[in-house]
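This report concerns selected packing and pairing features of one protein model. The sequence and structure are shown below.

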Amino acid sequence: KDDHEWWHASRFHSDKPFFWDIWLKVIAEVGARYGKGLAGWWIDDAVTGYYSSAPPWRQMWRALKTSNRERLVGMNPWALPMATSLQDFHAGELAVPDIVHLAHLPHGSQGYFGGGAQKGVFATFSGILQQGDWTYMQGGRVDTVNGVTLDAQGEGSGFPPLLLALPDLVRGVCEAKWRGGTPILNMMITQEGHTCVHARQQLSDLKRSISLTHLHTHTHTHTHL
């Protein structure tokens with residue numbers, strides 16, 4: 001979104017019909033190319049970027065489902081009400097520990113909001129594993145003319161610290177599962193495909209901890225029965 005040349009060429013600020021026509025063609029082409037191999041779309045800025053720009057929601061819906069009607073679509077509203085009912089899941093950004101404060105999604109739910117601004121859509125929670133932004137640009141820069149990353153982006157030490165301690169992460173993921181929802185955890189990745197060794201280790205520890213939590217819960221319940 002910092003590529004001024006791209007914004008100018010897309011005419012987003014000067015010719016909305018032109019922009020949306022290109023958007024629809026690109027999305028439909030990607031869907032047709034990958035078919036069943038593309039399981040879903042997570043569309044960012046649906047409210048803060050798209051809503052005020054006269055988006056053709058129904059045409060977008062058809063383009064997003066090209067060649068796979070079962071493909072899931074989420075339109076990220078950030079912390080605002082959803083931009084359109086033409087979506088399958090709530091793609092809102094939410095820190096994992098804050099899941100406990102969600103209304104309309106109590107323990108034992110089937111994963112769908114029972115009321116409120118997101119009523120009727122499936123609940124997912126998109127949070128970050130590391131401090132900072134959603135994308136990794138530290139230690140390098142992007143040559144937008146040639147489309148390449150310049151300078152090294154390090155492995156491990158070049159990444160920002162982890163955001164949450166493992167117990168907090170485990171608790172948040174369990175809260176999502178108990179409500180029937182799906183947590184999505186964002187891990188930073190460089191242009192070269194490198195990821196943080198500490199983040200990878202935390203995900204491994206999370207998987208093991210969730211398995212142990214499930215086993216403990218099952219054993220505890222079975223004992224009382």
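Which residue of S7 does Ile128 stand opposite? The residue opposite Ile128 is Asn186 in S7.

## Strand S4 and its partners

The model is a predicted one. Ile128 belongs to strand S4, which spans residues 122-128. Strand S7 covers residues 182-186, and its pairing with S4 is parallel, with five bridges.

S4 is also joined to strand S3 (residues 89-90), in this case by two bridges, and these two strands likewise run parallel. Phe122 of S4 is the bridge partner of Phe89.

## Burial of S4

Of the seven residues in S4, six are buried, so the strand is largely enclosed by the rest of the structure. Burial here denotes a relative accessible area under 20%.

## Packing of helices H2 and H4

Helix H2 (residues 16-34) packs with helix H4 (residues 57-64) at an angle of about 20°, and their axes lie 8 Å apart. H2 is therefore roughly parallel to H4, since angles under 35 degrees count as roughly parallel. The crossing in which H2 passes H4 is right-handed.

On the H2 side, the contact is made by Trp20, Trp23, Leu24, Ile27 and Ala28. H4 contributes Gln59, Met60, Ala63 and Leu64. By residue class, the contact of H2 with H4 comprises eight nonpolar residues and one polar residue, with no charged residues.

Methods:
Residues numbered from 1 in each chain as written. Predicted model: local features only at pLDDT ≥ 70, side-chain atom pairs only at ≥ 80, totals over all residues. Heavy atoms only, no water. Axes fitted to C-alpha atoms, helices over the stretch in contact; angles between N-to-C directions. Helix = DSSP H or I, 4+ residues; strand = E, 2+ residues; numbered from the N terminus. Parallel < 35°, antiparallel > 145°, perpendicular 65-115°, else oblique. Left-handed = near helix turned anticlockwise from the far one by under 90°. Contact = heavy atoms within 4.5 Å. Nonpolar A, V, L, I, M, F, W, Y, C, P; charged D, E, K, R; others polar. Buried < 20%, exposed > 50% of the residue type's maximum accessible area, 1.4 Å probe, protein only. Pairing = 2+ DSSP bridges.
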